[in-house]
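Subject: Structure handover

Hello,

Please find the structure below, with notes on what was found in it. The notes follow the model itself.

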Amino acid sequence: MSIAFTSWPPELAEHYRQKGYWTDVPMTDILTRHQQNPTDHLALICGERSWTYRQLEHDAERLAASLLQLGVQPGDTALVHLPNVAEFYITFFALMKLGVVPVNALFSHNQHELTVYAEQIRPTLAIVSSGHHLFRQSTFAQTLSEQVTSLKFCLVDGDADFGYSLAAAIAGTLMPCHAFSSQAKKAVSWPELNASDVAFFQLSGGSTGTPKLIPRTHNDYYYSVRASAEICRLDSDTVYLCALPAPHNYTLSSPGALGVFYAGGTVVLAAEPSPMTCFPLIQSHQITMAALVPSAVTLWLQAAADDRSALSSLQWLQVGGAHLGESLARRIYPKLGCHLQQVFGMAEGLVNYTRFEDSEWHVLHTQGRPISDDDEIRIVDENGDDVPRGTPGALLTRGPYTFRGYYNSPEHNRVAFDKDGFYRSGDVVVMTEDGYLMVVGRDKDQINRGGEKVAAEEVENQLLAVPEITQAALVAMPDSVMGEKSCAFIVTTNPKLKPLTIRKHLRMRGIADYKLPDRIEKVDALPMTHVGKIDKKALRQRIANLLKKQSQPQPEKDVLS
Ligand code: J2J
C-alpha cells in the first residue's frame, strides 16, 4: 500500500513527464545505475571506513533483506534518527528498495520531535543510534512503542542492550536464517516501485505548532537531484564534503550526497562543520566541493586566516540555508581560495543556485535562480497581487519538484497554498530583471538560527506549558555569527522565575536544544497590534534596540559622584 498524499494535477504531471523531468524511474537508480561500471569507484568515506558503489549497494541490499526477514513490508513507514554516518545512506537506500517510507529526523532532534513525527507517520520500524542520549538505554524506545503502537522493530546503530543491531542487519547476520547465503539471496525479490509514490518524508522548517512533514516522490525528488548535479557540474571526480546534517534537504539533494552518488563521485562525511573537523578531511581526501551555512563560513574564514594550506583542493563552496551578507560573500574567494555558489532552497521544493558562469555581481548579491524553466514563481504584495520586478514581495511557487501539500494537514494546507496550488514559501524576495532572486526578508513566524529553523509557535506552546508562564512570544534577534538567535518574551505570574528554570522545563519537555530560547525577557504585557495579534515586529525592534544599547560602551562613571 502506498502513502496517501496530495499529488500534482494530472495535466501538470503529464507536462512534467513530457518535458522529461519525471522519468518514472525510482531513486534506487541512483546507486544501481553504477553497478555495471567496469571501475568500481569510491562512493562514500566515513572516518576510517569507505564504500565503493558496489559495496554500498550490496550493504543496502543486505539491510533490505534483513528487514524483509524481520517482517517489515512495502508501504510501511520508518522513523530514522542517525548522525552523519555511512549507515544513514545505507538505510536510506535499503528502505527505498523495500518501498518503506522514512522520516529522517535530524540528530539534534529530541524526544518531542521524534514523538511528533512517529505519531504522524505511525512507523513500523525505528532505526536509531545509541550515540544519542535518548537511545543509550531502552527507556525512550519503550515509551515510544507504547505510545505509537504501530512500532514493532527497533534497529540500533552502536552498542545497545535493546532492539536489533543495525550492523548485524547490514552484515546479514541478524538472524540465524538462510536467506542471506549467496544462494538464497537471489530469491529475495524487491517490490516493484512506483516512481509517483512517496519515497520519503522531508522535514519542514515550519512555522506551526507541530512540525510538518513533506511527502517527496521518487519522480519529483530524483528530478531535483539530477538537475542539481548538472547545474553544479558534478562528475566522478567530485569529492563532496557533507558536514551539515545528512538528512537536510540541502546536503541530501542540492546537489548533496544524492547528487554526488548520481554523478558517480565521492561523498566524505564529517560529524559537524567546524574547521577543526573539516580542514583535515579536506586535505586528506582532496575534497573539491563543500556545502555550508553562513555561520560556518565565518568560522572557516577565521581559521583560514591562520593557515589555509589544507584547502588547496577545494574548488567550490556552496553557501545557503540562511542570509549570506555581501561582506562575508566577498571574502570567500580571496581568503579560502575557492568559488562561491549561493543556494536558496527549501525542503518543500524550489531550489535556486547561482551558476558557475554567472557574473561576480550575481554571485555576491543574489541567491541564484530556479533549477527549472518550469519552476513557476509569483512575487506578490499583501493583497496577493503580483509586484513588478525589483520590488519586494512574498514568494509563491509551484513546479515539478515543489510539493502540493503537507502530510495529513488539510487545514494548514488551505493557508499554505493559494487556489492555484502555489506554495506560500514565507520568504520575502526581490526578483532582478534577469530572473535572479534575492531573499530580503520573511513573512513566516520562524527564526532562522544559522540555518536551523525554529517555528515560533512550537516553542511558544512549550513555553506556555511551563507553570507560571501565562503569555509567550518568540522572535528573532540579531546575532553577529548565527545571523539570528531567538528571544522569548514572557509574561509570568512569578517575578522570580529564572531563565535557567524555564530552560530546564523546556529540556524536560524534550525539545531539541537548538529550539531553546537563546534569551528570555520578562515583560508585564505583550504589545498587541490593532487586530489583536501579538505585535512581533515591535518585539523584534525592542530586543534589537536593547542589544544595541548593551553593546555600546557604557559612559564612564564620574569618579566624584
Ligand atoms: C536566505 N534564506 C535562505 C538563502 C534557505 C538548499 C539550501 C537550503 C535549504 C534550506 C534547502 C537561503 N538565503 N540562501 O532545503 O535544498 C531560508 C528560506 C527558506 C528556508 C528553507 C536546500 N536558503 N533560506 O535551508 O527547508 O527562508 O531548506 O524558505 O531548511 O530557509 O529552509 P529549509
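**A buried pair and its network**

Glu 458 and Lys 515 are both buried, where buried means under 20% relative accessible area, exposed over 50% and partly exposed in between (1.4 Å probe, protein chains only). Their side chains meet in a salt bridge, at 3.1 Å from N to O; the term stands for a side-chain nitrogen of Lys or Arg within 4 Å of a carboxyl oxygen of Asp or Glu. The pair links distant parts of the chain, 57 residues apart: Glu 458 is in helix α17, and Lys 515 is in the loop between α18 (499-508) and β25 (519-522). Helices (H or I, at least four residues) and strands (E, at least two) are DSSP runs, numbered from the N terminus. Glu 113 joins Glu 458 and Lys 515 in a network of salt bridges.

This is a predicted model, in which local features need pLDDT of at least 70 and side-chain atom pairs count only at pLDDT 80 or more, while totals for chains, interfaces and linings use all residues. Residues are numbered from 1 along each chain as its sequence is written, and side-chain values use heavy atoms, with hydrogens and water left out.

**Helix α5**

Glu 113 is one of the buried residues of α5, which also include His 112, Leu 114 and Tyr 117. Helix α5 (residues 111-121) is largely enclosed by the rest of the structure, because 9 of its 11 residues are buried. The cover over those buried residues includes β3 (77-81), β4 (101-104), α6 (139-147), β8 (198-203), β9 (213-217) and α17 (456-464). Just after α5, Arg 122 has a positive phi of about 50 degrees.

**Other salt bridges**

In total, the structure holds 21 salt bridges. One of them joins Asp 418 to Arg 378, with the closest N and O atoms 3.4 Å apart. This pair also links distant parts of the chain, 40 residues apart, with Asp 418 in the loop between α16 and β19 (423-431) and Arg 378 in strand β17 (residues 376-380). Asp 418 is buried at 12% relative accessible area, whereas Arg 378 counts as partly exposed at 21%.

Lys 444 and Asp 427 form a further salt bridge (3.8 Å, N to O). Lys 444 is partly exposed, with a relative accessible area of 25%, and Asp 427 is buried, with 8%.

**Nonpolar cores**

A nonpolar core is a set of buried Ala, Val, Leu, Ile, Met, Phe, Trp, Tyr and Cys residues joined through side-chain atoms within 4.5 Å. The largest has 128 residues, and Tyr 89, Leu 241, Phe 261 and Trp 300 have the most contacts inside it. Helix α4 (residues 86-98) gives the largest share of this core, 10 residues. The core lies between domain 1 (27-38 + 49-193) and domain 2 (230-442), because both give residues to it; the domain bounds come from an automatic or database domain assignment. A second, separate core has 47 residues, among them Val 128, Ala 476, Ala 488 and Ile 502.

**Two single residues**

His 218 lies in helix α9 (residues 218-231) and is buried, at a relative accessible area of 3%. Leaving aside neighbours within four places in sequence, the contacts of His 218 (heavy atoms within 4.5 Å) include Val 25, Met 96, Leu 193 and Tyr 223.

Arg 404 is in the loop between β18 (393-398) and α16 (410-416). Arg 404 is buried too, with a relative accessible area of 12%.

Regards
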